[in-house]
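Subject: Model for your files

Hello,

Here is the structure I said I would pass on. Please look it over before reading my notes below.

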Amino acid sequence: MARKRKRVPEVLWRLFRHRARSLAETILALIPPPPATASGCRCKGPRCLYCSGEEVMSFLVRPDDPSDYRKLLTGCFVVVSENAPPLPVFDPHCRWSQCEIVRRSIEMIMHEVPSSSNLICCSYDKDNRSSAVVDELTSPKWTILLRRVGDALMMYLLKYTSLFLPLPRNKHHQISGSPISDFCFKFSRRMPDFKSQHHPLVCNVFSGSRQKRKRIEVVESEPGKQPHKHSSGSDPASDSNRFVASDGSGCGSNEERPHKISEGSLKQNTGLSQKRTRQYLWQRQRKCRQLVQETNALIPCSANSCNRDNMSRRLQYDVYARSSLSYESKISPCFCCSVFQNVRKMHKNAEINRQHIFYKLQNSTSMFPAKHLLYALKPNGSGASVLFNNIFGTFGSDNPEKIACLHSQKSHRIISTCLYHSFIKLLKRLIRETRSCRYLRLLNKHCSIRSPYQDASRSTTADFEGNDKGANLSMRGQDEDQIDKELSQFSKTKKSKTITEASVNQLEPSKCYCPKKQVVSFIWAICRRIVPSPLLGEPSNWRILRRNISKFIQLRKFEKFSLKECIHELKISKFPLLSNKHHADLHGGCSEVGISDIARHAILECWMYWFFMSLVSPLVKANFYVTESEHEKQEVLYYRKSTWKKLMRETECMKDERYHLLNHASAREILGKRPFGFSRARLRPKQIGFRMLTNLRAPSRMPLNPPPSRNHSIRQLQSKALYDHGAAYQSFQSVNSVLHDLHVVLKGLWTKEPEKLGSSVFDYNDVYRKLVPYLFLLKNGPTDMPSVFIVVSDVSKAFDSVNQDKLLSVMKDVIFDDEYTVEKFTQVIHAKKSLKVHQHLTLAHKEIVTESRKNTSRLPSQSLHSVLVKKVFSKKIRKEEINLILIEHIMRNVVQFDNKFYLQLVGIPQGSVLSSLLCSFYYGHMERNVVFPFLEKANGDFLGKYDTFGASASQSNHTNEVVVCGAKYLLLRFIDDFLFISTSKKQASMFFSRLERGIRDYNCWMNDEKFGLNFDINGQGCRSNRLHVGKDGTSFLRWSGVLVNCSTLEIQADYTRYLNSHLSSTLTVSCRGKVGCQLKAKLRRYLQPKCHPLFYDSNINSPGVVRLNIYQAFLLCAMKFVCYISKLSILPRFCPIFCINAISASLRYMSRLIKRKVYSFDIDNTFRPKYDVKKKDVIWLGLHAYSRVFQKKQSRHKKLLCLFRSRLKPYGRLENMSPELKYAVDDARSSVLWSIKY
């Protein structure tokens, strides 16, 4: 049986197609045809690769060859350059060593092309004649290949080909040839995505072609007749150039043009049916413009009533048909009708931009933002025309009142039958009502101020009069005075001036926001007040429109609102202006029989898009502070701006000892001496209190002159607006962009010396590497597994309590070299429809660049089918520069909050790319100098080295030191969250008492509310706020997203964070594009976070717990599926067959993903992951989880539940299942999940 041919990697297949071949296939293709006799070969007797004939493969690969050599021939892929000359002769002799050949090849390339981009010359040291590529190409497997192919062919491969060495997980590393990242952009967007690599047409497709594939169509013509031939880009049936002169005027009379057009179309219809070549876009648009000009040629028309270039094909046909009709009747339609034929066609994926409504602190003095279009227009014909053009994207008249309207009887205009003049009149009214709306009265009526200290609602002032800005400001001032009184009464009860944790806890922002129903009620009241009723339709449409506004307000943070959702269930017939009945009497002076259904639908789309984009969104932006919260997940909260301002003032988060207020001159002095700017801070509400967030990713700017002091008077507000409009600013780079190189250096130092970070872990991978060896020693000892004692603790305000001077001294011990070199690696990733190029920076040192396999640590683990390319790029960073940046970033962190500048005195900036690493180095230094020495003293004769357990417990050469005097312990720390496990109760108690006292030298204090213990201390009982007990009686301690079994140390996922809110608040639902494909992708994405060997390795968990973790992952995914389907309300319901097929595909994906994750994870040669769950068991667990979830939602998913039960029947009854599966599906063991609201 023939051996299966190895598949070409997707990246290489997209770029090179059949030119990409394995190394063995390339060698066989380069060898010239064998000689007729053996005497014609240069080997002179002994058999070589050239004269082997049909046995050439057996000569190249032999039974006793090592596995590395075999993998090199089949796993290494080669692409021969297009400019490569043919191999002149084959010489089997080996005159030089492999090292000498590689060096000579590199030096020849550099001599011929000094600035060559060939990667084989990358970082080549001419003096020492060495580089990482030389070391790779001189390994023993390449020496074996040299003896088989000879000097000439080896030098040809190194000089004229691109070599791609194999890496784990289907990745490759390019070490020679031009970097594929330089030219992959040319092909990735234009290459067809063939699923089969052996399609019969693939061989004729060149990868570098930029031309589209030509359509080939064979037409059988009648005898004696020749098939019609049309040149590309021309249409003989309707070529408008022959009727229009160069100046745009017609060449013939108006009576002749329609006849010629219809004659041409008649010729086209009488010919044989064949594919008509489509014109280019600019030709089609020019023809549309000319047709509209011909349509309006007989009426007086202003210059700006021309056609736009965004008509759909059906609109083009309408204009064409109507023009023919008008010429036949010798009567032209009026301007009022023709203007609506040019309405812009909205994109099918158009959406309302919601990003500008979040986190806006500007306190507007009007109903809309100050620069809103409605405030810049006057309620006259000119202003209404500008607004009409802004809404519909067409060109109305500058003075609509002077347009001759043919919809009139006896010289008296009937506005009710003229759509254009009706819109103009209604838009005048819209502008007028906007200027005179008493919006504050409506705001206080529908969104009454909810005090953070009183639940009573504020009544509306009954005697409010006046509609100018001054009156609005006076009412706004009354609202703020009321909150000021309440806050002053509350501040009198405080005992300290500076804010403390207890005083912050008394603020409850969760009780101060406006419910979403009130926000919808206010927006609808404003719309009913300023928008004329004909533009809102009949009352039946009002309810639908208000429901759509409610959907817009109820969107979660990252959700989008499409145009399809704006007009959902709205009926054109319920809009009197757009209904057919409104235009029933539209005859007489105008020949237009009515606007087409497509045009009316386009009018409705434009109006509703403008309604939501320019009315609803600005109303929210000007009157509410919109933000997400911690306790509501992705749900959005709406605060009245006056209420939010007072909450910010009362928290005094910037007035304690951590921050110092800076004036404008001091802030400018600090920022002028460094390359980066400042960060902006905002508050995120919690259930009780706030959390401060700073944005260090965005660039910043600062006014050159200090702004005027803020005052709430109208004159001061106007002067401030003028200042903001004409102020000059100085721009700064973002903080994180400048710190990126420093982050690369620190990450490289962490990889080189992990012991300096102590017991730090950064993800599940680190936890798994350190936990498995420890559990292996406990469970496989000479006796049964001993009792374990666990301590869980959390540092209080870890980032905000770091001693800055101490941190700088710690970093001096970490950064000790005078200079560091940063190298750039480019990764070409195969995406679904294109190739993506990602750039990665790494720290260059010998331990990293010696072997190509170590480069895999720099690649994202989730990326498949990728090629790593090392470019000739290096940047040197000196130690003095690093220290200067650290000092500026740590000691002089400038934060802008509420348009004021503050200097951070204590702690490190949150949101920085360095925050996690700096915190880990800081607490790692504390562990090495305080915690581990204390643990040694706790047991007296405890002789083990602390770095053995903290940082290097996964190394096999240290495992014999873990057991000392019968005591074993493991310390893990995720940033500031400690997990301590010991077999000695005394040691665990001493560790708890030491953390409880705090470590003064490092300003490190524990949060008393976040301690967790599984044992009692001094007879006081088990003191724990992190203890979780299931309904089955099993006790767990919560730590960093996992549940640790208090007795067996088995690991389960922590789902308790879903208990305090509805599960739908964690989802982001999309109604755009291919919703079915998005649903399938979501189901797979919901399963990925908990797909890690930490939960499914039998070295950690028992078989029952492994299956329980799989079952719980499916339960949560099923609940999210129910919530996701319920939110897709505007779409037709999915077919049950489609749903169950999508779910079944996700179950199979879960089985494959677990196996890939488990078996691709290597700790070392001693410990190997174990996974023994069969695929059918995984699928059964998934089907059972979905059926159990659907049982609680039977009214909505009856058919789907029946399908799941039918799929479960072939597996048998639950009573006949294995004990492990029965253990997993027991509801008592998943009590947390069944308590989630979904």
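Is the crossing of helix 20 and helix 24 left-handed or right-handed? The crossing is right-handed. Please bear in mind that this is a predicted model.

Helix 20 covers residues 516-530 and helix 24 covers residues 597-623; their axes come within 11 Å and cross at roughly 125°. An angle of 65 to 115 degrees would count as roughly perpendicular and one over 145 as roughly antiparallel, so the two helices are oblique to each other. On the helix 20 side, the contact involves Phe 522, Ile 523, Ile 526, Cys 527 and Ile 530. These meet Phe 611, Leu 615, Val 616, Leu 619, Val 620 and Asn 623 in helix 24.

Phe 611 also belongs to an aromatic cluster, joined through ring pairs with Phe 552, Phe 561, Trp 607, Trp 610 and Phe 612.

The count of aromatic pairs comes to 35. One of them is Tyr 764 with Phe 1095, an edge-to-face pair with 5.5 Å between centres and 90° between planes. This pair links distant parts of the chain, as Tyr 764 is in helix 29 (residues 764-779) and Phe 1095 is in helix 37 (residues 1093-1096), 331 residues apart. Phe 1095 has 1% relative accessibility and therefore counts as buried, the cut-off being under 20%.

Two charged side chains sit over rings. Arg 528 lies over the face of Trp 542, 4.0 Å from the ring centre. Lys 806 lies over the face of Tyr 1002, at 4.8 Å from the ring centre.

Regards

Conventions:
Residues are numbered from 1 along each chain as its sequence is written. This is a predicted model: local features need pLDDT of at least 70, side-chain atom pairs count only at pLDDT 80 or more; totals for chains, interfaces and linings use all residues. Side-chain values use heavy atoms; hydrogens and water are left out. Rings of Phe, Tyr and Trp (its six-membered ring) pair if their centres lie within 6.5 Å; planes under 30 degrees apart count as stacked, over 60 as edge-to-face and the rest as tilted. Helices (H or I, at least four residues) and strands (E, at least two) are DSSP runs, numbered from the N terminus. Buried means under 20% relative accessible area, exposed over 50%, partly exposed in between (1.4 Å probe, protein chains only). A charge sits over a ring if NZ of Lys or CZ of Arg is within 6 Å of the ring centre and within 35 degrees of the ring normal. Axes are lines fitted to C-alpha atoms, for helices over the stretch in contact, and angles run from 0 to 180 degrees between N-to-C directions. Angles under 35 degrees count as roughly parallel, over 145 as roughly antiparallel, 65 to 115 as roughly perpendicular and the rest as oblique. A crossing is left-handed if the near helix is turned anticlockwise from the far one by less than a right angle, and right-handed if clockwise. Contact means heavy atoms within 4.5 Å.
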